[in-house]
Amino acid sequence: MTRPFRFGVNLIAPSPGDAWRAKCRRAEELGFDVISVADHLGMPSPFPALVAAAEATTRPRLGTFVLNCAFWNPVLLAREVATAVALTDGRLELGLGTGYVRAEFEQAGVEWGTPGSRVDRLLHTVEELERLLPSSGPGSRPPLLIGGNGDRMLRIVAEHADIAAFVGARPAPELPSGLFPLSAEELDGRVAAYRKFAADRAEPAERNLLVQLVDVTDDPAASARPWLERMPTLTEQDVLDSPLVLVGSVEQIARRLIEQRERFGFSYITVLEPHMEVLAPVIEELRGR
């Protein structure tokens with residue numbers, strides 16, 4: 001089954017109240033289906049920001065993209081989620097991840113641990129939320145998005161998530177972003193693994209991809225240049241071929257998204273706040289498709 005496109009924007013820049021609400025209204029005007037907030041230090045606190053977004057808008061869903069489970073006690077998180085579900089009139093989508101920026105763990109005084117222990121913590125959080133939040137009624141469990149890349153994470157995604165969020169990158173502590181993009185072929189392998197783990201699902205999950213670069217331009221080489229400066233092992237073609245990059249005319253980007261939906265199953269596309277305005281004509285081009 002081919003799902004219609006949904007588009008989300010991940011708001012990452014702190015703003016005063018009026019400016020925040022205006023930014024959320026602008027996202028709604030541009031056609032975004034989801035307004036989400038990250039969970040990094042120095043960025044807006046997710047739940048107050050999403051409640052304010054709900055007050056300023058009527059249509060978009062509101063999402064955490066994604067909570068770092070290491071920062072949250074699961075029992076207290078269940079209280080936050082139930083309250084946010086009520087205050088957003090049921091528009092909340094809950095996104096969870098393991099966290100990947102070691103410096104943030106250290107700054108927050110949270111144990112970094114091992115990849116396995118971080119996945120253990122996420123799984124415990126998911127299981128506790130399933131236990132504590134009712135499946136229906138006030139404060140009920142919202143749709144669950146889980147972001148991951150490794151086999152164990154993809155198994156958890158296949159078992160528990162309504163939305164499978166593909167990171168499209170691997171950890172790279174030596175880089176400022178902490179992540180290095182996967183090639184399209186590597187992402188094929190991750191999607192194939194997920195398909196295997198999810199083969200017994202009664203209902204397929206929606207698939208999401210966080211796109212890192214959007215530029216409507218007739219000069220793709222100029223768009224790729226900042227990535228090459230940060231990741232010199234990549235070639236210009238590597239950047240332009242990355243599933244995380246949408247560069248070209250509106251029509252070319254729309255066609256690329258359709259092709260990637262056919263190849264990987266990505267129908268829910270999230271972009272970062274700096275690319276919100278740039279993506280708007282592409283959303284219009286793909287509306288209802």
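Visitor: What is a disulfide here, by distance?
Guide: A disulfide is a pair of cysteine sulfur atoms within 2.5 Å.

Visitor: How many disulfides does that give?
Guide: The count by this rule is zero disulfides. This is a predicted model, in which local features need pLDDT of at least 70 and side-chain atom pairs count only at pLDDT 80 or more, while totals for chains, interfaces and linings use all residues. Residues are numbered from 1 along each chain as its sequence is written, and side-chain values use heavy atoms, with hydrogens and water left out.

Visitor: Cys-24: buried or exposed?
Guide: Cys-24 is buried, at 0% relative accessible area. Buried means under 20% relative accessible area, exposed means over 50%, and partly exposed is in between (1.4 Å probe, protein chains only).

Visitor: And Cys-69, buried or exposed?
Guide: Cys-69 is buried too, with a relative accessibility of 3%.

Visitor: Switching to charges. How many salt bridges does the structure hold?
Guide: There are 14 salt bridges. A salt bridge is a side-chain nitrogen of Lys or Arg within 4 Å of a carboxyl oxygen of Asp or Glu.

Visitor: Which residue does Arg-26 pair with?
Guide: Arg-26 forms a salt bridge with Glu-277, and their closest N and O atoms are 2.9 Å apart. Arg-26 is in helix α1 (residues 17–29) and Glu-277 in helix α11 (residues 276–286), so the pair ties together parts that are 251 residues apart in sequence. Helices are DSSP runs (H or I, at least four residues), numbered from the N terminus.

Visitor: How accessible is Arg-26?
Guide: Arg-26 is partly exposed at 32% relative accessible area, and Glu-277 is partly exposed at 42%.

Visitor: What about Arg-263, which residue does it meet?
Guide: The side chain of Arg-263 meets that of Asp-188 in a salt bridge, 2.5 Å from N to O. Arg-263 belongs to helix α10 (residues 250–264) and Asp-188 to helix α7 (residues 184–197), so this pair ties together parts that are 75 residues apart in sequence. Arg-263 is partly exposed at 38%, as is Asp-188 at 26%.

Visitor: How far apart in helix α4 are Glu-106 and Arg-102?
Guide: Glu-106 and Arg-102 are four residues apart in helix α4 (residues 102–108), about one helical turn. They form a salt bridge, with the closest N and O atoms 3.2 Å apart. Glu-106 counts as exposed at 53%, whereas Arg-102 is partly exposed at 47%.

Visitor: Last one. Which residues are linked in a network of salt bridges?
Guide: Arg-6, Arg-61, Glu-93 and Glu-206 are linked in such a network.

Conventions. Helices (H or I, at least four residues) and strands (E, at least two) are DSSP runs, numbered from the N terminus.
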